[in-house]
Amino acid sequence: MGMGIQLSPPAGIEAEIRLARPPKAVTASDFVSRLQVMQTILGAGYFAVLRLGGHGLPSARKLTLSLHNLAHDADGHGRELLDAYGAVMLEHLEASMLPLIWDGVGDNQFAESSVETFTTRLPPRLLPWSGMAFPVRLGAHGNGYVLFMGTFIAPSSDLIIDMHMKSCQVLIDMLACEEKKLAPAEALSEREIACLQMAGDGCISEAIAEKMGLSVHTVNAYLGTATTKLDAVNRIQAIAKAIRLGYIT
Amino acid sequence: METIRSDAAAWESYGFSAEAGERKSARALLVQHLGRCTGHAGLSPGLRALTDYVSASHFLLLRHDVMPEAGLESVIASDWPFDMVRAIAGAILAGQSRMSELDKCLTLLKPCFSHLADDIAVPKGISREYCTIAFHVGRVRMSLLLLFPEHFILSQSKLRDVGVMTGYFASVCCQGAFLRQDREMELTEREVECLYWIAEGKTSDEIAVILGISRNTINNYITSVMRKTATKTRSEAIAWAVRNNLV
């Protein structure tokens, strides 16, 4: 009983934090219109959002085209883009926050940055359009790029900073939208969370039982129900998922 | 450098926050100035210019890819009084590691205000409140912490500008020595691969089949990971890997 009282304040704070997030339902078309405004301001013809997929292994990570307005032959253009710059973009996202810029094929194609020191130039003439890509590294989730492409792209440093900030916000909002889908069907109880936290901190069931004043069987039962609620196959996967979802730290 | 500061100061001295157009030119000047500070010796002058831009008084740039116990090892550059840095660096790292991964993602580049503990001595005329802006330079999460004069309100839009510009600046300035010590490098590709499959809920036997190596080899990899990461159980090793974005 005492344990329940001790645990409730943090849970209350957590609820407030979650409520503070905008509850609005953002749809794909909202993102499209925001990106189209940015595209117009930059004088670009197309936009694309690439997102980093594949948790874990460096070799398993890859960028995929998640939102774009490449009208005809979108698949072909998307493949072309990733073939040309996918690998270098992936590497860049691991190391730097600087926007990428490249010249397209053709005489009148170029992209220019007013601050070459703070942009990274990619090999030119690999794609039909010039372009600029803003890397967005949020952390464990939702990383990627926002790209703008056209025949002539030459933003001022002011515009680059504004557009980079807006690009970050787009990916943050996309992640916030998905958060609802990530959440488990049934909320975890305080005791389940407490057991998971201690297990993640390296305690074995016996130690958790002693600290919480419960029997080992009860602790294992809590960890079992938490595993089921998180749709995990075992305790370790449950801990990984609980950290990613923010139940434990 | 002096010209930039006096220009920006002149705009600010007109009273309220400068007009949008003027703010933009101050920002463009600052970017140019930062472009000239990109050597390692330029780090502190560059951060000083960023601090001046937002009318703050002191800067502290921290990296979060070190253990919370590391304290001062996390400090990249600072002109805060040393006693203050020593008193709060550890607490700030610990606070960050208590935040959920999702909240860390959602608060990127958002200026966030906190209070210094009462037992920390603050220079005269400086507010007990400080501002934190977090960003990523590649895998490394960093925070810029700003002190500012008492009774002073910092412009939210300028703070966000400073977040992006500090990110650019650190991307250029900090690429050298200290971003190299990536902790992923300490673990081998095979060890990370094992961690990944364990986090996906696979048992040693299953991983042995997936990777085509023996169950004992897998267990050796995990033992080696636990030794390198100073973790006591498999669960703790996975929790460590998730927290450090390895899996």
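Reading two chains of a predicted model

Student: At what angle do helix α8 (residues 189–199) and helix α11 (residues 234–243) of chain B pack?

Tutor: Helices are DSSP runs of H or I with at least four residues, and strands are runs of E with at least two, numbered from the N terminus. Axes are lines fitted to C-alpha atoms, for helices over the stretch in contact, and angles run from 0 to 180 degrees between N-to-C directions. Here α8(B) and α11(B) pack at about 105°, their axes 10 Å apart. They are therefore roughly perpendicular (65 to 115 degrees). Leu195(B), Ile198(B) and Ala199(B) of α8(B) make the contact with Arg234(B), Ile238(B), Ala241(B) and Val242(B) of α11(B); contact means C-beta atoms, placed from the backbone, within 7 Å.

This is a predicted model, in which local features need pLDDT of at least 70 and side-chain atom pairs pLDDT 80 or more, while totals for chains, interfaces and linings use all residues. Residues are numbered from 1 along each chain as its sequence is written, and chains are lettered from A and ligands numbered from 1 in the order written.

Student: How many residues does each chain bring to the contact between chain B and chain A?

Tutor: Chain B gives 51 residues and chain A gives 47. On the side of chain B, helix α6(B) gives the most, with eight residues. Other elements of chain B that each supply at least two include α2 (20–35), α4 (82–98) and β4 (126–137).

Student: Is α6(B) enclosed or open?

Tutor: Burial is a count: a residue is buried with 20 or more other C-beta atoms within 10 Å of its own, exposed with 12 or fewer, and partly exposed in between. In α6(B), 16 of the 18 residues are buried, so this helix is largely enclosed by the rest of the structure.

Student: Is Asn216(B) buried or exposed?

Tutor: Asn216(B), in helix α10 (residues 215–229) of chain B, has 10 other C-beta atoms within 10 Å, so Asn216(B) is exposed. Asn216(B) lies 130 residues from Arg86(B) in sequence and 45 Å from that residue in space, C-alpha to C-alpha.

Student: Which strands pair with strand β6 (residues 130–136) of chain A?

Tutor: Strands pair if DSSP finds at least two bridges between them. Strand β3 (residues 100–102) of chain A is joined to β6(A) by three bridges, antiparallel, and strand β7 (residues 144–150) of chain A pairs with β6(A) over seven bridges, also antiparallel. Met132(A) stands opposite Ile101(A) and opposite Phe148(A) in β7(A).

Student: Which residues of β6(A) point one way, and which the other?

Tutor: Ser130(A), Met132(A), Phe134(A) and Val136(A) point one way, and Gly131(A), Ala133(A) and Pro135(A) the other. Seven of the seven residues of β6(A) are buried.

Notes:
Angles under 35 degrees count as roughly parallel, over 145 as roughly antiparallel, 65 to 115 as roughly perpendicular and the rest as oblique. Two residues are in contact if their C-beta atoms, placed from the backbone, lie within 7 Å.
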